[in-house]
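Hello,

Please find the structure below.

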Amino acid sequence: MGKYLERIANSPLALTFKDVILLPSFSTIEPREVDLSTNITVNLRGSTPIVSSPMDTVTESALAIAMAMLGGLGVIHRNCSSEEQVNMVKKVKEAEVRCLKKVYLYSHSTIEEAEKVFRKTELESVPVINKTGSFVGYLSRRKLSSCDPQDHVYKCAEKGPVLRIKDLEKNSLNSQNIAVVDDNGRLFGVLANEGDEDIVSLLDEEGRLAVAAAISPFSEKRVELLEKWVDAFVVDVAHFHNINCISATKKLLKKTSREVVVGNIGTYEACVDIITSLDDVAGLRVGIASGSICSTGIVTGVAAPTLFAVASVRDALEDYGASKIPIIADGGIGSPGDAAKALAAGASSVMLGRALAGTSEASSPLIRVGGRLYKLYRGMGSKSALAERYSADRYSAPSKKIAEGVEGLVPYRGSVEGVVREFREGLKAALGYVGAKNIPELWQKARFARLTSVGFREVLPHDIVLDIGL
Ligand code: XMP
């Protein structure tokens, strides 16, 4: 065989999420015993292994606040002026740290039923919603005794202050019992200071919510402006394994006292070059062209699918004694199962774009199409995003003239808390199947098996007449 043919014939198999499954193992761990806490960066340890992507339709202040409150991390995008980005980061730092509880009563429930809910919560008043989920008022604990047990809740409900999601960051209200509603008046939580047993908000040393900011390695001015506000920088380029990016980051690392995560990378060699030429990298963002809105693979033929990339980079970290550097798996993670595979392959956390883009807190507008609600989601290399980057980001003129991303709509999914909780529950169940009580144990115990495309169809719901969503 000639060398050209051999190069193709002996190429590695770049497997990704849909190509593999995790095998179940003997387990002594119940999902509720699983500890999901993880190092998102070398020094930032979160109780939720989820990071929101620095995309302009995903992470601005509202989502970053919610992510940190839920124990993960938000990375504020950089497709805006430095001043705008600093303002977004400041809003996160100025936000009050509060928990959002999912406690509510239906207006048509009875007072007797409401009493049961009050027994399970320490809240002094509980929001009341109608059948469509819209907030209608509060039922307070003190009112209970003056109501007939068979009365409907709406009869005893009272008006009270509400907070819109987008006002969360404004800290305008100090009470602990405030209902938070979306743009359509639908309840998505109640602010309360009771702690959830295993979700601990991710805070900086001063007790403020932690936040990261995306930067170009070439924008020194922006870094200076952000420096005193952020906990970490994420060097945000499509292909970090590039001499100019590495040398610019070398300079940057000398100037900043903040942690610096770099990416994206996708290969063993990229990791080796980074850890041998840069000191104090605080994390690696790994995966190239697996993202739901990416067209890099089509446009250029180049990709390092996230699962393959994570395992390759993890091997390099272990081989070079640098395994304390955490990997953030990025791109194509649409479900808790994908996230479990990414973590099992060696990542410490997962970065989500599409999965968070449909939430109330994501920065894009809500759009109604044919009676259904959607949110806009676009790649940062899409035509329209690139157009803004030309005018807004003076410090890093894009060198490529071709779009590497697409834009479209994703279904509206309500609050980010719901999505994060779904991922957390799925991950806990996955670790339970594998028999791992935490993420480092998952790295040791996980066993993968490859699927055929026929097999992949079988592990999805299949062969039912009607999916009624139960
Ligand atoms: P998901 O699958 O979570 O992926 O939506 C989000 C990740 O995709 C990357 N990204 C892009 N990749 N062209 C690309 O090739 C783009 O326009 C683009 N925009 C975002 C990025 O890593 C993000 O976190």
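This is a predicted model: local features need pLDDT of at least 70, side-chain atom pairs count only at pLDDT 80 or more; totals for chains, interfaces and linings use all residues.

Residues are numbered from 1 along each chain as its sequence is written, and side-chain values use heavy atoms, with hydrogens and water left out.

Domains. The protein chain is assigned domain 1 (3-98 + 205-459) and domain 2 (100-191), with bounds from an automatic or database domain assignment. Their C-alpha centres are 35 Å apart.

Ligand. Around the ligand there are 23 residues, the closest being Cys294, Thr296, Asp330, Tyr377 and Glu404; a residue counts here if one of its heavy atoms lies within 4 Å. This shell consists of seven nonpolar, twelve polar and four charged residues, with Gly counted as polar and Tyr and Cys as nonpolar.

- the side chain of Thr296, at 2.5 Å;
- the backbone of Gly332, at 2.8 Å;
- the backbone of Gly353, at 2.9 Å.

On its own the ligand has 520 Å² of accessible area, and the protein covers 90% of that (Shrake-Rupley method, 1.4 Å probe).

Gln85. This residue is in helix H3 (residues 82-94), a helix being a DSSP run (H or I) of at least four residues. Gln85 is buried, at 0% relative accessible area (buried means under 20%, with a 1.4 Å probe and protein chains only). Leaving out residues up to four places away in sequence, Gln85 touches Ile76, His77, Arg78, Cys80, Ala213, Ala214, Arg222 and Leu226 (heavy atoms within 4.5 Å).

Regards

Terms used:
Helices (H or I, at least four residues) and strands (E, at least two) are DSSP runs, numbered from the N terminus. Buried means under 20% relative accessible area, exposed over 50%, partly exposed in between (1.4 Å probe, protein chains only). A polar contact is a pair of N or O atoms within 3.5 Å; within protein, one must be able to donate a hydrogen and the other to accept it, and residues adjacent in sequence count only if both atoms are side-chain atoms.
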